[in-house]
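These are my notebook entries on one chain.

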Amino acid sequence: MRFLSVSINDFRNISSVNIDINAEDIVLTGINGQGKTNFLESIYTICYGSSFRTSHLKESVRHGCDGFMLSAIAENDNEIKENIRISFIDGKRRIMIDGKEINDRRNLIYSFPCIVFSHDDILFVKGEPENRRKFFDQMMSLYSPFFFDSLRSYRNILMQRNAAVKQKNKEIISLYNTRLASFGLEMMKERAEAVYGFNTIFPDLFRKISGTDMNVSVKYQPSWGAMEDIEEISSYLEENTDRDIILSTTTSGPHRDRFTVMCDNTPFSSIGSTGQIRLASILFRIAEAEYFLMKTGKKPVLLIDDVLLELDVNKRGMILESLPSYSQAFYTFLPDERYFLAKRKNALSYKVNEGEFIIDRG
């Protein structure tokens with residue numbers, strides 16, 4: 001799948017643009033604060049119906065406006081053109097594909113698979129456990145509708161059980177235990193498989209790019225430990241009901257699982273240098289893209305937003321050469337970062353200035 005053109009109206013600092021993006025590589029150059037990241041955010045929003053920078057789409061609306069409108073023409077793997085439109089007006093999001101309204105974002109996500117590399121990805125390595133849970137949940141949801149549905153169902157049941165816990169209603173709590181265990185167990189199995197697959201890619205990639213022999217991988221620690229059947233987990237939840245009531249929350253389950261980045265038997269965040277941690281966070285995304293390609297056979301769209309700046313020139317080149325096959329890639333660079341263009345002769349390049357996009361033919 002490839003985007004051929006995009007129209008952006010009243011999104012962040014972008015008032016109104018309609019530009020050609022029919023190329024494998026699209027490069028946006030400009031000083032900070034001009035709209036490069038805003039453009040990538042608009043592409044991500046077209047792919048997901050949500051933003052990677054905020055959980056509230058109203059924050060993406062241009063100052064002084066009532067909403068934004070994004071539209072794009074894409075060509076799928078069968079060379080069939082599709083029209084996508086995402087609007088957010090007066091607090092309501094609306095998704096249209098070829099004139100038909102889409103009520104479930106999953107139809108959008110699986111039609112336009114997209115992976116974003118952003119500065120905040122460093123939190124996957126050195127941040128709180130919830131950041132790594134989020135990474136793996138997003139990674140798995142992108143290739144597995146089954147996991148996506150299990151995650152949705154689990155979160156919905158967890159919310160209801162937590163409400164019953166706060167009300168100290170043990171009878172209602174018990175009713176949710178089996179269902180929570182059922183969906184949670186499926187999530188545990190898929191997470192274990194995903195981490196195993198991720199670890200067939202990431203450690204070798206890190207050694208190659210870092211130039212070290214460090215054995216960096218991800219360790220998965222389920223909250224429910226080695227429990228393997230619904231009845232056992234349900235009984236465990238029942239036995240810990242009093243603890244949950246005291247703490248006013250469900251204290252065990254996949255929402256408490258841990259994914260730890262390890263170097264042999266030591267947490268990597270405690271021994272890795274700042275540069276190594278930054279490199280690992282970028283390689284997380286490359287491994288995600290590689291694993292997605294392996295699981296689905298589909299090439300994703302990549303959005304690469306200023307994540308190479310803290311690396312030396314040699315590692316930047318190695319990162320670019322290590323990207324897996326992709327249908328299309330968007331990059332943001334500062335004006336003096338010309339090393340990329342020598343490697344991508346057919347890249348479509350735009351200079352970005354105060355929300356305006358000017359074709360760069362130089």
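**Entry 1: aromatic pairs**

I counted 24 aromatic pairs, taking rings of Phe, Tyr and Trp (its six-membered ring) as paired if their centres lie within 6.5 Å, with planes under 30 degrees apart called stacked, over 60 edge-to-face and the rest tilted. The model is predicted, so I kept to its limits: local features need pLDDT of at least 70 and side-chain atom pairs pLDDT 80 or more, while totals for chains, interfaces and linings use all residues. Residues are numbered from 1 along each chain as its sequence is written, and side-chain values use heavy atoms, without hydrogens and water.

For helices I took DSSP runs of H or I with at least four residues, and for strands runs of E with at least two, numbered from the N terminus.

Buried or exposed, F198? F198 is buried, at 0% relative accessibility, and F284 is buried at 1%. My cut-offs are under 20% relative accessible area for buried, over 50% for exposed and partly exposed in between (1.4 Å probe, protein chains only).

I then took F202 and F206, whose rings are 6.3 Å apart centre to centre with 35° between the planes, a tilted pair. Both lie in helix α7, 4 residues apart, about one turn of the helix. One aromatic cluster takes in F124, F135, F136, F198, F202, F206, Y220, F259, F268 and F284.

**Entry 2: helix α7**

Which residues of α7 are buried? In this helix, residues 202-210, I listed F202, P203, L205, F206, I209 and S210 as buried. Seen down the axis, they fall within an arc of 160°, so they line one face of the helix. The arc is that of the directions from the helix axis to the C-beta atoms.

The buried residues of α7 pack against α6 (170-198), β9 (216-221), α10 (268-271), α11 (274-296) and α12 (313-322). Contact here means heavy atoms within 4.5 Å. G211 follows α7 and has a positive phi, near 75°.

**Entry 3: the core**

The largest nonpolar core has 115 residues, and F3, F39, F268 and F284 have the most contacts inside it. Helix α11 gives the most to this core, with 11 residues. I defined such a core as a set of buried Ala, Val, Leu, Ile, Met, Phe, Trp, Tyr and Cys residues joined through side-chain atoms within 4.5 Å.

I looked up F268 separately. Leaving aside neighbours within four places in sequence, F268 touches V125, F206, M214, V216, V261, M262, C263, Q276, I277 and A280. Of these I checked C263, which is buried at 9% relative accessibility.

**Entry 4: salt bridges**

How many salt bridges are there? The count comes to 18, each a side-chain nitrogen of Lys or Arg within 4 Å of a carboxyl oxygen of Asp or Glu.

R62 bridges to D10, with the closest N and O atoms 3.9 Å apart. R62 is in the loop between α1 (36-48) and β4 (67-75), D10 is in strand β1 (residues 2-11), and 52 residues separate them. Both ends are partly exposed: R62 at 30% and D10 at 22%.

E41 and R12 form another bridge, at 2.8 Å between the closest N and O atoms. E41 is in helix α1 and R12 in the loop between β1 and β2 (14-20), 29 residues apart. E41 is buried, with a relative accessible area of 0%.

D312 and K315 meet at 3.7 Å, N to O, and D312 is partly exposed at 40%. I also noted a network of salt bridges that links D137, R155, R191 and D257.

**Entry 5: cysteines**

I searched the whole structure for disulfides and found 0, the criterion being a pair of cysteine sulfur atoms within 2.5 Å. C47 is buried, at 0% relative accessibility.

**Entry 6: N162**

N162 is in helix α5 (residues 145-166) and is buried, with a relative accessible area of 15%. Apart from neighbours within four places in sequence, N162 is in contact with T249 and T250. The C-alpha atoms of N162 and T249 are 5.4 Å apart, although 87 residues separate the two along the chain.
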